[in-house]
Amino acid sequence: MKARDQNYSQEAAALLRDISMYRALTREQVLRLYPGKRDKINELLIYLTKQQRLLYEEGLYRAAPGHDGKVDKALFAAVWVLVDFIDRVEYHAIGEFPAKVIFIADGQIYEIVHMEPGKEAMLSQVMGRHEEDPPHYLVLVDDPEQINGLELPNVCGYCTVSPGGDVQYYQKE
């Protein structure tokens, strides 16, 4: 029985880490971060909420106590992109500017970058820095029309995320 308790403890710790790190996640985002473990993760969400280690408000799980109630909409959208790749992901975390999320998949480093309207020139300059082994960028845009005005290195795709979490991918022609 100790192995089962240890396993639950490790998964609970990972769950708390992810929700704390990304600040606010829907149940579906959490479940998709742990493929093949829906039932176990659902049980942990219920348990951690009852223990008041997680808060569930307005359809979002947040770390408790001390959450500020704010949702970083770009980070929230980037998590939807992340969960689309989760079956291949070896590691994921919050990224450093300009990345919202960084992850490793198939031995490659990827950064999900939000291209805020009106900030294209600044981010193009930041992302254009020369690195020996630059990451692959997935560029999250608010509107597909933004894509035409972007000249960015190492972009493997562009995407939009609907309010319901549906991700639409685009390639620049």
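Just after helix α3, Q52 takes a positive phi of about 60 degrees. Helices here are DSSP runs of H or I with at least four residues, strands are runs of E with at least two, and both are numbered from the N terminus. The model is a predicted one, in which local features need pLDDT of at least 70 and side-chain atom pairs count only at pLDDT 80 or more, while totals for chains, interfaces and linings use all residues. Residues are numbered from 1 along each chain as its sequence is written, and side-chain values use heavy atoms, with hydrogens and water left out.

Back to α3 itself. This helix takes in residues 38–50, 13 residues in total, and reaches 18 Å from its first C-alpha to its last, close to the 18 Å expected at 1.5 Å a residue; the expected span is 1.5 Å times one less than the number of residues. I41, L44, L45 and L48 of α3 are buried, where buried means under 20% relative accessible area, exposed over 50% and partly exposed in between (1.4 Å probe, protein chains only). These four sit on the same side of α3, because they cover an arc of only 105 degrees around the axis, taken from the directions from the helix axis to the C-beta atoms. D39 and K50, on the other side of α3, are exposed.

As for the whole chain, there are five helices and eight strands, and along the sequence they come in the pattern α-α-α-β-β-α-β-β-β-α-β-β-β. Of the 173 residues in the protein chain, 42% are buried. Taking contacts (heavy atoms within 4.5 Å) between residues at least 6 apart in sequence, 50% join residues at least 24 apart.

The β1 and β2 strands make a hairpin with two residues between them, and E58 in the turn has a positive phi of about 50 degrees. Four bridges join β1 (residues 54–57) to β2 (residues 60–63), and the two run antiparallel. Here L55 has R62 in β2 as its bridge partner. Strands count as paired if DSSP finds at least two bridges between them.

Then there is an open sheet of six strands, in the order β3-β4-β5-β6-β7-β8, with mixed pairing. Its edge strands are β3 (89–94) and β8 (167–170), each pairing on one side only. Neighbouring strands of the sheet are turned by 25 degrees against each other on average, direction ignored. Helix α4 (residues 73–85) packs on the sheet and touches β3, β4, β5 (108–115), β6 (136–141), β7 (155–161) and β8, its direction making about 15 degrees with that of β4. Angles run from 0 to 180 degrees between N-to-C directions, with axes fitted to C-alpha atoms, for helices over the stretch in contact. Helix α5 (residues 120–127) lies across β5 and β6, at about 160 degrees to β5.

Within the sheet, β3 and β4 (residues 99–105) run antiparallel and are joined by five bridges, with V89 opposite A105 in β4. Six bridges link β4 to β5, also antiparallel, and I102 has E111 in β5 as its bridge partner. These two strands form a hairpin with two residues between them, where D106 in the turn has a positive phi of about 55 degrees. By contrast, β5 and β6 run parallel, joined by six bridges, and H114 stands opposite L140 in β6. Six of the eight residues of β5 are buried, so this strand is largely enclosed by the rest of the structure.
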